[in-house]
Amino acid sequence: MVRLPEPTPVPANVHINGTNNHPEEDQNAREEKFSVPALQLQIQDLKHPGATRFLNAVNATDSLTTGTVNLLKLLYHKPSDPETTVPPTSSVTLFLENFPGVAYTVGSGADNNVKEIHFSLPYIAQINPSRIAEEINGVITHELVHCFQYNGHGAAPGGLIEGIADWVRLHCNLSPPHWKQEVTENWDAGYQHTAYFLEFLEQRFGRGTVRRINEKLRGSKYHERDFWIELFGQEVEELFTEYTQSLQ
Ligand SMILES: [Zn+2]
């Protein structure tokens, strides 16, 4: 008999700094369940060391389901929230494949709603064993965000799209140890740099701010000046200056 490894739990409700200022809001979010689309896993080469390590480290069903629910709560709050609209993603397939790099996501189908996450087997093979489940779940969560986020009708800066993905990863307590808040030249440097800027905005303008940013990326084509002024009454460069000053 072959036993499957114990699934690695990912916290469902993570509060940065360990505080929860809106327990009643979370209670409401828990009562309604987001529907998770069809999930599939395809492994190109089961003999690759990365495949073995993946299968020993995580339960793919749990990783994909938990990652999806976590990101939906962060970006859409709850299914009935009139302020947000969950995109019609119909399926997510995780491909474990032999390619250089880490991971990427592509979409196809009507409304671009059939999503494929491609995750590199050589990358998985070299993750530090002490944090392999965390890193796999972190990468999967980041890529899953790309399956369910908006992009300002294709006009939003790539750095904002990547920053939102890593902001979700940050809030799921799946940030890698090398991430730190540091001053960067541009607000849209992307990844964790923009994620921490977004977290600054979330703290400054209140919980749900990143959700509002994502929703505005659904409703209209991204025009930089209008986008930020309509949301916050300030240009993004001004907000970013405030952020970098807060770090000093
Ligand atoms: Zn990405």
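**Charged side chains and their partners**

At 31% relative accessibility, Glu235 counts as partly exposed, a class that lies between buried (under 20% relative accessible area) and exposed (over 50%), as judged with a 1.4 Å probe on protein chains only. This is a predicted model, in which local features need pLDDT of at least 70 and side-chain atom pairs count only at pLDDT 80 or more, whereas totals for chains, interfaces and linings use all residues. Residues are numbered from 1 along each chain as its sequence is written, and side-chain values use heavy atoms, with hydrogens and water left out. A search of the whole structure finds 8 salt bridges, a salt bridge being a side-chain nitrogen of Lys or Arg within 4 Å of a carboxyl oxygen of Asp or Glu.

- Glu235 is joined by a salt bridge to Arg225, with 3.2 Å between the closest N and O atoms.
- Because Glu235 lies in the loop between α9 (224-232) and α10 while Arg225 lies in helix α9, this pair ties together parts that are 10 residues apart in sequence; helices here are DSSP runs of H or I with at least four residues, strands are runs of E with at least two, and both are numbered from the N terminus.
- Arg225 counts as exposed, at 51% relative accessibility.
- Arg204 and Glu242 form another salt bridge, in which the closest N and O atoms are 2.3 Å apart.
- Arg204 belongs to helix α7 (residues 191-205) and Glu242 to helix α10 (residues 236-247), so this pair links parts that are 38 residues apart in sequence.
- Arg204 is partly exposed at 39% relative accessibility, and Glu242 is also partly exposed, with a relative accessible area of 26%.

**A buried pair and its network**

- The side chains of Arg131 and Glu135 meet in a salt bridge with an N to O distance of 3.1 Å.
- Glu135 is buried, with a relative accessible area of 6%, and Arg131 is buried as well, at 14%.
- Through salt bridges that share partners, Arg131, Glu134, Glu135 and Arg169 are joined into one network.

- Glu97 is found in strand β2, which covers residues 91-97.
- Leaving aside residues up to four places away in sequence, Glu97 touches Gln44, Tyr104, His118, Phe119, Ser120, Leu121 and Pro122, where contact means heavy atoms within 4.5 Å.
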